[in-house]
Amino acid sequence: MGIVAGLDSSSAFTHIVVCDTDSGAVLREGYAAHPVEAKASEVDPQAWLLSLGEAASGGLLEGVQAIGVSAQQHGLVPLDRQGNLVRPALLGNDRRAQVAAADLVDALGGRQAWAEAVGAVPQAAQPVAKLRWLARTEPENAQRVAAVMQPHDWLVWQLLGRPARRTTDRGAASGTGYWSAGSAAYRPDLVELALGHPAALPEVLGPADSAGTTPEGLLISAGTGETMAAAFGLGVAVGDAVVSLGASGSVMAVHHEALADPHGMITSFADATGMHLPVVHVSNAVRALRGTTEMLGLEGLEELSALALKSTPGASGLVLLPYLEGERTPQLPHTAGTLSGLRRESMKPEHLARAAFEGMLCSLADALDVLRGRGVEVRRVFLLGAAAELPAVQALAPAVFGTQVVVPQPAQYAALGAARQAAWALGVSQGTLDPRTPPAWQGASAQVLEPGEELAVGRAVRQQYGATRDQIHPGAFGGSQ
């Protein structure tokens, strides 16, 4: 039996799990908040190291043989020729690069050109857009940038003592906007297009590779981004999709190849195992539930859920298109939400509550259909986020999605995925594991929900929603579903 650790450095905290290499059983855990505001859009990366040190205190890592690192995605750490920070790191929640992203889309010849080049159309969050923003708004800083890293790359580099070799993995690299999951190669010309000059990029490691060994003898695995680590920690495989319910939402699935989407709705990520993670984002998910809760004067989402279950499927003909902040899927960035089907009999609080849940889930089902339309197999859906625990979500989701729904127990899945990667790299280095096959850890404890006899009801709800969507926004999906 060996012991490995997984470290997840999110936007707000560092969480460390220490696990048994054979079973994945969690032996110890450590936690520390970052000493910065959770909503900060830029930060000195030293804050991540301070948090890491605090989370690992008290002998937490005693006996550990290998460490895997997961970290927040889409951060940009710009370094000069000496490896020093040019300016504070720009984080994924920084929206200042929206205009820069649009500039880049035009500079390469449009959305399809980007989709074919790197499997994603630039968004404000991506490092490639941040480089463009830096070149436009801080040209002196941009001129000093000689190398660029992401948070997970930078943390691995620090743990290894800042060696000459800098590394990343295919999962994190696929979110940069200048590495293609399809060709498994960088597009340095896109870095130059954004920044105005070339910059050194970290070497992309394979899933079971190690980044190196610390001065103390700890093996450090390749590491990866939080999304990829969480998928690995959950144990998802081909046939599985993951629906994340936050204020906005996302749908991702494990697939055998990268998907280039000329419509730009699919972001083609690589995963942490050698497979691919096509992702479709929606701008509105739980945001629609919270807005409805406030409109009805209720105390919280639990009260909205209970009220929704007093209604009937189809909400008495009431349909909510939850495009409250514009929408990414379908691409309606300047639209607003719509409440349709108002009749005297439908104007009751319980019907509005139900329409909010049905609208949110149908919107996410639309996103699922974008993937299905490209040949992605979906046999079951993992539902993540606090809202997944709501009775109304659990009652409606299997029928609306048309498949088995799995609601995992809350756990630090990104940290667990990082630990599993560490166990894989350790096993490969010792000759006990195949670099093509990760360790078979026990899957997440979960509640499994079947659609059963409600499938026909779910189809009817989807049809009602789809008819309303197509009437108000004809051709919104441009034939991509």
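Q: Which residues does UniProt give for the feature "domain: Carbohydrate kinase FGGY C-terminal"?
A: The unreviewed UniProt entry places that feature at residues 241–426, and the structure you have here is a predicted model.

Q: Switching to pockets, what volume does the second largest pocket have?
A: Its computed volume is about 320 Å³, and its lining is made up of 19 residues, with Gly233, Leu416, Gln442, Gly443 and Ala444 lying nearest the centre.

Q: And which elements give two or more residues to that lining?
A: Those are helix 9, which covers 226–234, and helix 14, which covers 413–430.

Q: How many of the lining residues are nonpolar, polar or charged?
A: The lining of the second largest pocket divides into 10 nonpolar residues, 8 polar residues and 1 charged residue.

Q: What about helix 2 and helix 8, at what angle do they pack?
A: Helix 2 (residues 98–108) and helix 8 (residues 188–195) pack at an angle of about 125 degrees, and their axes are 11 Å apart.

Q: Why are they called oblique to each other?
A: An angle over 145 degrees would count as roughly antiparallel and 65 to 115 as roughly perpendicular, so helix 2 and helix 8, at about 125 degrees, are oblique. Helix 2 passes helix 8 in a right-handed crossing.

Q: Backbone next: which peptide bond is cis?
A: The bond from Thr329 to Pro330 is cis, with omega near 0 degrees, and Pro330 sits in the loop between strand 20 (319–321) and strand 21 (338–340).

Q: What is the phi of Arg162, and where is that residue?
A: Arg162 has a positive phi of about 55 degrees although it is not a glycine, and its place is in the loop between helix 6 (151–159) and strand 9 (167–169).

Notes
Residues are numbered from 1 along each chain as its sequence is written. This is a predicted model: local features need pLDDT of at least 70, side-chain atom pairs count only at pLDDT 80 or more; totals for chains, interfaces and linings use all residues. Side-chain values use heavy atoms; hydrogens and water are left out. On a 1 Å grid over the protein atoms alone, a cavity is a set of points where a 1.4 Å probe fits but cannot get out, and a pocket is an open set with protein on both sides within 12 Å along at least five of seven lines; lining residues have an atom within 4 Å of a point. Grid points are joined across faces, edges and corners, and a volume is the space filled by probe spheres set on the points. Helices (H or I, at least four residues) and strands (E, at least two) are DSSP runs, numbered from the N terminus. Ala, Val, Leu, Ile, Met, Phe, Trp, Tyr, Cys and Pro count as nonpolar, Asp, Glu, Lys and Arg as charged, and the others, Gly among them, as polar. UniProt positions are given in the numbering used here, feature names are shortened, and annotations may be inferred rather than shown by experiment. Axes are lines fitted to C-alpha atoms, for helices over the stretch in contact, and angles run from 0 to 180 degrees between N-to-C directions. Angles under 35 degrees count as roughly parallel, over 145 as roughly antiparallel, 65 to 115 as roughly perpendicular and the rest as oblique. A crossing is left-handed if the near helix is turned anticlockwise from the far one by less than a right angle, and right-handed if clockwise.
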